[in-house]
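Open the model in your viewer and keep the selection panel at hand.

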Amino acid sequence: MRWDDLFDDLEGQLEREMHSDATDLRLKEERQRLDKLSLRTRLSNVVRSVGLGGALQLRIVLVSGETIVLRPTTLGRDWLAADLTGAGNGRVQCVIPLSAIAGVVLNDEQYLVSLAVESESTGKLIERVAFPFVLRDLCRRRRSVELATRGGVLAGTIDRVARDHLDLAVHPLGTLRRAPEVLHYRLVPFWQIHVIRLG
């Protein structure tokens, strides 16, 4: 009888140790997965759960302290394009470098979706496009923009895009970029830009 008790006890200890080892392994794998989880991936998971242009609205807190509500339209390598909601008169589009995001406010469902196993890339070229490329496209199109920067808001047209900064011809919003309208030129480092609003 004593041998049976001893073997039962040993069997129980062995099962507990095996279960403990499996639990430790799962916890270690989860920590390693979270170590690799980026803000971009979490945003991508939330956006893909609804789909771009869907009913998803996100509240983004910028490094300036401003909180904006937006509907994501495109997620690039290091930037997010969106429609600003509640912008009053009409649709206002914006581009936000991910480095300007101080926080993302999520509900319970969005939070859980953001933590999901990293979804496969859709293979879209736009997901590999970096922020400077977007700026160069705006420059090429001669779009009037409003730049919210650490130093304030600037309106004008992007004249050139260099490696780490852009040249902005500052002129009143709503006017065309013509020599008499240009007040001055401003060199703006990329890291200073919080939001680019397009009219």
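**Stop 1: the largest pocket**

Select H4 to begin: with five residues, H4 gives the most to the lining of the largest pocket. This is a predicted model, where local features need pLDDT of at least 70, side-chain atom pairs count only at pLDDT 80 or more, and totals for chains, interfaces and linings use all residues. Residues are numbered from 1 along each chain as its sequence is written, and side-chain values use heavy atoms, with hydrogens and water left out.

The largest pocket holds about 250 Å³ of space. A pocket here is an open set of points on a 1 Å grid over the protein atoms alone where a 1.4 Å probe fits, with protein on both sides within 12 Å along at least five of seven lines; lining residues have an atom within 4 Å of a point. Next, select Ala81, Val95, Val134, Leu138 and Leu198, the closest to the pocket centre of the 15 lining residues. Colour the lining by type to see nine nonpolar, three polar and three charged residues.

**Stop 2: strand S6**

Show S6 (residues 144-149) with S7 (residues 152-161): six bridges join these antiparallel strands. Strands are DSSP runs (E, at least two residues) and helices likewise (H or I, at least four), numbered from the N terminus; two strands pair if DSSP finds at least two bridges between them. Two residues separate S6 and S7 in their hairpin, and Leu147 stands opposite Leu154 in S7.

How values were computed
Points joined across faces, edges and corners; volume = space filled by probe spheres on them. Nonpolar A, V, L, I, M, F, W, Y, C, P; charged D, E, K, R; others polar.
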